[in-house]
Amino acid sequence: MRVRKKEVIAMLLAGGQGSRLGILTQRLAKPAVPFGGKYRIIDFTLSNCTNSGIDTVGVLTQYQPLTLNHYIGQGSAWDLDRKGGGVSVLPPFVKAQGGQWYKGTANAVYQNIEFIESYEPDYVMVLSGDHIYKMDYSKMLEFHKQKNAAATIAVFEVPWEETFRFGIMNTNAEQRVVEFQEKPKEAKNNLASMGVYVFNWEVLKRALLEDEADPESSNDFGKNIIPKLLEEEYPLYAYAFEGYWKDVGTIYSLWEANMDLLQAVPDLNLYDSEWRIFTPNPSQPAQCIAPGASVRQSLVNEGCLVRGAVDHSVLFPGVHVGEGAVVRNSVIMHNVVIEAGAVVDKAIVGEDTIIERGAYVGAEDGEDWNAVDRNEDGITVLAENLRVPESLRIKTGSVVSSRAHQEFPEDKIS
Amino acid sequence: MMKDVMAIVNLAENEEQIRDLTPHRSLAAVPFGGRYRLIDFVLSNLVHAGIFKVGVMAQHKFRSLVDHVGSGKEWDLDRYRDGLFLLPPGYTADTDMSVAHRGDIDNFYRNSDFLKMSRQEYVVVTGSSMICAIDYTDVVGFHQEKDADITVVYKQTDLAQDSNQRTMLTLDDEGRVTDILVNPRHTDQDCLSMKMYVIKKQLLMDIVDECDSRGGTDFVKDGLIKNLERLRIYGYRFDGYLAKIDSLRSYYKHSMELLSPDVWGELFYNHGVVYTKIKNEGPAKYVDNANVQNSLVANACIIEGTVENSILFRGVRVRRGAVVRNSIVMQKSLIGENVHLNHAILDKGAEITEGKAISGEDTYPVVIHKEAVV
């Protein structure tokens, strides 16, 4: 495989399940979870690459890769269909001497050393496909070069009381990292690692090889590679990122991050023509707001047909809201049909689900219809491809998976 | 097999009565339906039918058209085998704009190499101003079944009465075309030609050659009408929704028809989605006191005011207190605070400053030109 030398390439970690998202990641990896009315989480990282001028990206997939593979395709939605580069989806593979699953984030990159070497890069960025943020990686790379760093870690100021959830970087006045604390009980700083790294490839390669040889290692960037480089006294620097950054790792944070977009001036600007968020286009017509409809404080997308009331909600492309139906404080994913008179209150509804006439999703007095779990924050979650029968009332906080639905014969439901 | 069918989109179209919207673009590039240009509908119909070799015969003012269709990527027409071909008028040292614009036969003639080099046996010839969701596989099937030389698509409709830019057909009981009238002042006919044809490539080239060598300039008048007896010309009846856009009035009328969810559903979903150039815009945003009724809204609009019976293209801003009624507002226009708009068409990037009131009539909408500031 002969390709052109690249100064920098990116390795995007997209193999995580995101198990705290429960049924939303039963069939797809966390980076493929829909967000913000028309995106999937990974769009933000891929768009960052494109907007930062990084044209070679390896996407490391493992957990439920079907949706993600199909979604990324040849990368044309993000302008990553490039000659001598572009996007490559990299699942674990079998070699002459066996082969194995990705054991950890560092191992995933280790297993693709051959891919990286083919571009002879000076620098390798390691990115996470799990976060919502807009960041110019080229500025971070500039910083990295300016500091003569071996590795640079992007950090984000978090509230002191939340430091225990993050990997914390303690820095000196020159932003050099002097200590790393993984999820500390008592943090010495409040700069959290965003899981965004720039490495000198020579340094990273050696570290990956040594890490792989260590049977005690869990082959993880945060737990092993960064502490190892620190111990070996490599110059590690922290690059402070300011702006919106969010890990939508739980049902509540996913719902909340969507609701954040409904503020008058949200922290995450989706309308910056200089920093577009690219996503495969659904090719749907302009949304149709029928007579008698009302839409307030909401984000609505192409192909939506609204005859009822939508209040403080996010509607993905192709959602139909019937006459007299009410959608409130909810996130409604692609092509959901909410029939006449139905109510959806404080819910996340998965793609292609149909809520029949007069049903009520998120009712205080409702029943635990096929619920596999309960959400403590009172958000009702319906998986994809469900059919909620006419006039059924689903109790607030029910988490309904599509698997439970499939175990029911079709004729018993409708 | 549809791989044996190619298409020519003939943009020799009369723009006289819609000149308010075409000072700097061709009719095919006129924005329509909140996020489309007229040509999107014909290109989408063609690719949905499996026709992947499409030549677009541009006439003039084609910068915005070229910008819009680009390589044809959005229509899946960026291909190694076949694909999209823009065929600009063939200017040479001895021609200029006005001479080049002397009829569509001239355009066909100058592009006869394109036809000759194509391996397809059949050609669909269509314009861009008849907006519908039509299945060309059915039209081609009809053509073969009738063993026709030429098939003309028509619709039985009173749309013919909207303007005298109309080509009317008379058909016999077998569906054979016995008479064609181009732009008659008066007509009792209701078979309106949709200016879409199926013809064998070789026959098309023969007709073009014959017309050109005998001084003919017009495909219908010189190529078809003069050959009504010699050639088996059949009419294919189309029964779906049709918008015939050739005047400001018809543009406004048909735009407003899209507000009916039935028309919206038929045009945009019944025969596959309509492709267009992608802008990667964010969702449309409705703030807390937005009031939107009976309207089409495209992505990236930010609505803080009232919008009724209107069409907003991508990226339109409607500020607080503004009231937009019965209007069409094109891409990236800005409606300032407390502005009142009624029966208005705002071309791209227009700005109406705070407090202004602009009002036209149902039968005569007022047009605010591209990037104008009022």
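How do the residues of the lining of the second largest pocket divide into nonpolar, polar and charged? I looked this up in a predicted model, where local features need pLDDT of at least 70, side-chain atom pairs count only at pLDDT 80 or more, and totals for chains, interfaces and linings use all residues. Residues are numbered from 1 along each chain as its sequence is written, chains are lettered from A and ligands numbered from 1 in the order in which they are written, and side-chain values use heavy atoms, with hydrogens and water left out.

Second largest pocket. I noted 13 nonpolar, eleven polar and nine charged residues in the lining (Ala, Val, Leu, Ile, Met, Phe, Trp, Tyr, Cys and Pro count as nonpolar, Asp, Glu, Lys and Arg as charged, the others, Gly among them, as polar). A pocket is an open set of points on a 1 Å grid over the protein atoms alone where a 1.4 Å probe fits, with protein on both sides within 12 Å along at least five of seven lines; lining residues have an atom within 4 Å of a point. The volume, the space filled by probe spheres set on the points, is about 920 Å³. Of the 33 lining residues, A:Ser76, A:Ala77, B:Lys73, B:Glu74 and B:Ile278 lie nearest the centre. Helix 2 of chain A gives the most, three residues (helices are DSSP runs of H or I, at least four residues; strands are E, at least two).

Largest pocket. I read a volume of about 1,200 Å³. Its 38 lining residues include A:Thr105, A:Ser128, A:Asp130, A:His131 and A:Asp220, the closest to its centre. Strand 13 of chain A supplies the largest share, four residues. By class I noted 13 nonpolar, 15 polar and ten charged.
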